[in-house]
Amino acid sequence: MVDLAKARRLLKRDPLGSDTEAVRDSMAHHLSYTVAKDPITVTARDWFDIVAHSVRDRVTGMWMETMRNHYEQDVKRVYYLSMEFLMGRALNNSLLNMGLAEEYVAVMEELGISHPTVSEIEPDPALGNGGLGRLAACFLDSLACMRLPGYGYGIRYEYGMFHQEIQGGQQIEHPDNWLRFENPWEFPRPEVMYPVHFGGRLVEYTDEFGRIGHDWQASEEVMAMAYDMPIPGYGSNTANNLRLWSAKASRDLDLRHFNEGNYLKAVEDKSQTETLSKVLYPNDTTVMGRELRLRQEYFFVSASLQDIIRRYLSTHDDLHGLPEKVAIQLNDTHPALAIPELLRLLLDPHHLPWDEAWEISTKVFAYTNHTLLPEALETWSVALFEYLLPRHLQIIYEINRRFLKDVSHRYPGDVDRMRRMSLISEDGEKRVRMAHLAVVGSHKVNGVAALHTELLKSRLFADFHDFFPDRIINKTNGITPRRWLNQANPGLSALISQHIGKGWVTDLDDLKKLAPLAQDSAFQAAFAAVKRENKRKLAEYIETEMEISINPDSLFDVQVKRMHEYKRQLLNLLHVIARYNRIRANPDAPVVPRTVIFAGKAAPGYATAKLIIRLINDVGDIINNDPVIGDRLKVVFIPDYDVSHAERIIPAADLSEQISTAGTEASGTGNMKLSLNGALTVGTLDGANIEIRDEVGDENIFIFGLTAPQVEELRQQGYNPWDYYHANPDLKQVLDMIGSGYFSDGDQGRFQPIFDTLTHFGDRYLLLADYASYVACQNHIDSVYLDTAEWMRRAIINVAQMGKFSSDRTIREYAEEVWGITPVA
């Protein structure tokens with residue numbers, strides 16, 4: 001028998017110091033025993049591995065102690081289920097959060113190693129696409145920083161989001177093999193493996209107690225193997241866990257085929273099985289792509305639920321107590337299959353009655369909605385469900401039967417309401433409505449900004465809000481200041497800390513102490529110098545990587561986000577073309593120089609978004625090479641946008657474009673990151689823009705365009721984009737240039753679909769309706785930018801008022817009002 005007391009005493013000893021001598025010894029150890037090389041043959045990548053493993057050693061000790069405390073104190077944990085975790089690079093984040101940055105940089109300088117060069121070698125973990133995955137990463141950071149017991153669960157995508165290349169102005173997708181050189185931060189757990197089943201048939205039986213049971217005789221089995229990544233909190237002596245699942249074959253090869261000499265067939269099933277965790281979000285425009293995506297969603301929730309129940313039962317023997325120790329947050333509808341999966345586990349292997357299983361399940365789950373677009377709400381074909389997950393479809397039908405019975409009792413005879421609220425859509429092909437499943441199966445449902453939540457209640461989920469009046473609540477999104485200011489913008493972080501101390505890193509409300517300095521000319525000058533240096537660095541990067549020379553003294557106008565029509569990158573570009581036309585028409589007129597920077601990826605199957613990327617690049621090619629324009633206007637599309645690119649671009653931004661059609665953006669977090677780094681926002685009253693305006697004040701944000709009620713009213717009246725086209729000569733000129741081939745070497749067909757979308761096909765996102773207001777707002781921005789002191793005053797006020805938008809505040813609200821978890825000493 002192991003002497004647990006002695007083992008724990010040994011484990012609590014910390015042989016890893018944090019002074020420079022200990023760091024040097026640790027790096028020497030990994031030089032010899034991890035990369036196993038002599039210094040004369042060590043490459044820059046080897047040095048990254050040496051430093052990363054040395055830092056990981058220190059994170060691991062804290063991580064193990066945290067996990068031990070959670071078990072010993074029998075704490076309630078939250079489990080955050082997300083298809084995406086856009087973590088960003090871990091090295092610098094770990095060094096800063098652990099308070100070891102100075103020691104490691106000092107040792108590296110002593111050894112003649114460039115810290116920036118080494119840190120740039122680390123790939124971005126390609127585990128997410130945009131805001132959804134980055135929000136999940138910010139939440140994990142806040143949980144660890146606040147000593148709250150939380151786990152992340154997701155998929156260990158081998159290729160993740162694609163690598164975006166721009167060729168001939170067009171997006172070209174390449175596999176992003178971020179694991180090519182392995183991931184030094186992860187720990188494989190081959191002993192933590194769960195079977196996940198698909199297909200087959202159901203057999204109903206009666207057990208010895210007369211209870212009806214169901215035996216799912218699946219036809220396929222995939223094994224889910226765990227990989228763990230520690231997530232260190234800032235100064236909290238806490239590291240939580242991110243557990244990612246990788247698909248493995250239940251057996252390496254089919255011996256029957258192998259013995260017959262058919263070696264390729266023998267390993268074929270293994271290869272097909274393991275494609276399940278190869279790629280993030282397969283293209284779901286094909287039948288095979290949709291099936292793979294549904295398989296991915298079930299694969300990760302099944303493994304996660306099995307793991308959660310296994311952990312709970314290791315210290316408890318009554319599943320009725322599960323809600324006292326487990327909270328599960330569903331990050332959008334992708335993990336909503338967790339609801340029928342938990343019910344299956346409670347009903348089938350553990351033989352709980354339905355009512356008891358349902359009560360446990362609804363107390364455990366909470367759901368975050370991230371979209372107001374009805375077409376973005378996941379639905380799945382009943383036929384596909386029946387083929388892949390027959391038991392889960394049966395459970396969903398039973399949830400629906402019981403729920404609609406309750407609805408009919410509340411609203412007798414209201415058949416239309418029952419149709420709207422049903423978990424099954426019967427308009428054409430029968431489909432399972434995953435958002436309805438998530439709302440009915442959760443005890444709390446939250447929107448992610450005040451307007452978003454009100455629109456959920458009044459529009460998207462109006463019937464459910466009427467039925468469950470206390471279920472839908474608001475939790476405005478937030479961002480972690482550790483990555484998005486302390487790490488991304490060291491110059492501004494140092495300036496702030498010099499004047500108000502470092503308390504803001506864990507209490508962002510401390511930034512309010514900057515407000516009195518907004519009028520201080522010396523502080524304004526120091527603030528401007530930091531911004532100018534960040535712009536110089538970005539300009540240098542753009543010239544090196546893209547061979548485009550830009551003026552660091554121009555206004556950096558930035559729109560960086562996922563490419564989608566509702567985010568209206570195209571509206572931004574219409575203004576760019578109008579600005580180009582004005583300069584061309586009157587080249588001697590004074591103008592505020594402007595560099596317009598775009599970045600973002602379009603989904604591989606989203607043809608319109610990809611065409612907008614091509615138009616941006618073609619417009620840029622004309623403008624950037626026009627000698628009449630010179631440095632007065634530049635257009636840059638930075639390819640392969642990810643967390644590391646964001647950390648480079650955001651600190652350099654002067655203007656933050658948040659211009660979605662009012663009533664379409666759930667929240668946005670890029671708006672928060674840019675404001676926190678001293679960019680002024682130009683935006684509609686949409687998503688979190690409204691709350692940013694409330695915090696910074698009307699005079700410190702540039703608002704334009706229709707409001708959400710006005711958008712609705714215009715659509716009801718009958719919106720005709722041609723009215724705006726004919727009424728505005730500048731707008732007509734811009735659109736005609738796009739449609740005529742001006743930016744496509746005379747190829748009139750290339751961008752005709754964009755012209756048609758904005759005119760013949762109704763301009764769904766009202767770009768033409770908002771155009772005049774947007775251009776007028778941009779002209780006002782020019783006039784304010786000319787007054788440097790006033791611009792800096794407004795920028796400093798933006799930074800000072802960002803306290804509300806810390807993810808720490810968001811997580812504190814979840815912990816207290818939804819999850820019922822508390823910090824662990």
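This is a predicted model: local features need pLDDT of at least 70, side-chain atom pairs count only at pLDDT 80 or more; totals for chains, interfaces and linings use all residues.
Residues are numbered from 1 along each chain as its sequence is written, and side-chain values use heavy atoms, with hydrogens and water left out.

Q: How many helices and strands does the protein have, and what makes a run count as one?
A: The protein has 34 helices and 22 strands. Both are DSSP runs, numbered from the N terminus: helices are H or I with at least four residues, strands are E with at least two.

Q: What does the radius of gyration say about the protein against the rule for a compact globule?
A: The rule is 2.2 Å times the number of residues to the power 0.38, and the radius is taken over C-alpha atoms. For 825 residues that gives a value near 28 Å; the protein has 28 Å, so the two agree. Along the principal axes, the C-alpha atoms fill a box of roughly 90 × 75 × 60 Å.

Q: What share of the contacts links residues 24 or more positions apart?
A: Contact means heavy atoms within 4.5 Å. Among contacts with a separation of 6 or more, 76% join residues 24 or more positions apart.

Q: What share of the residues is buried, and what does buried mean?
A: Of the 825 residues, 60% count as buried. Buried means under 20% relative accessible area, exposed means over 50%, and partly exposed lies in between (1.4 Å probe, protein chains only).

Q: How do you know that the span of helix 33 agrees with its length?
A: The expected span is 1.5 Å times one less than the number of residues. For the 13 residues of helix 33 (residues 788–800) that is 18 Å, and the end C-alpha atoms are 18 Å apart, so the span agrees.

Q: Why is the pair Asp348 and Arg391 called a salt bridge?
A: A salt bridge needs a side-chain nitrogen of Lys or Arg within 4 Å of a carboxyl oxygen of Asp or Glu. Asp348 and Arg391 meet at 2.9 Å, N to O. Asp348 lies in the loop between helix 12 (338–347) and helix 13 (354–364), and Arg391 in helix 15 (residues 390–410), so the pair ties together parts that are 43 residues apart in sequence. Asp348 and Arg391 are both buried. The structure holds 61 salt bridges.

Q: Why are Glu429 and Arg431 called partly exposed?
A: Glu429 has a relative accessible area of 47%, so Glu429 is partly exposed. Arg431 has 23%, so Arg431 counts as partly exposed too. Glu429 and Arg431 form a salt bridge, with the closest N and O atoms 2.9 Å apart.

Q: Where do Lys732 and Asp736 lie in helix 30?
A: Lys732 and Asp736 are four residues apart in helix 30 (residues 729–740), about one turn of the helix. An α-helix has 3.6 residues a turn, so residues three or four places apart point the same way. The side chains of Lys732 and Asp736 meet in a salt bridge at 2.9 Å, N to O.

Q: What is the nearest side chain of opposite charge to Lys673?
A: It is Glu647, 9.5 Å away. Lys673 is buried and has no salt bridge. Lys and Arg count as positive, Asp and Glu as negative; His and the chain ends are not counted. Lys673 sits in helix 26 (residues 670–676).
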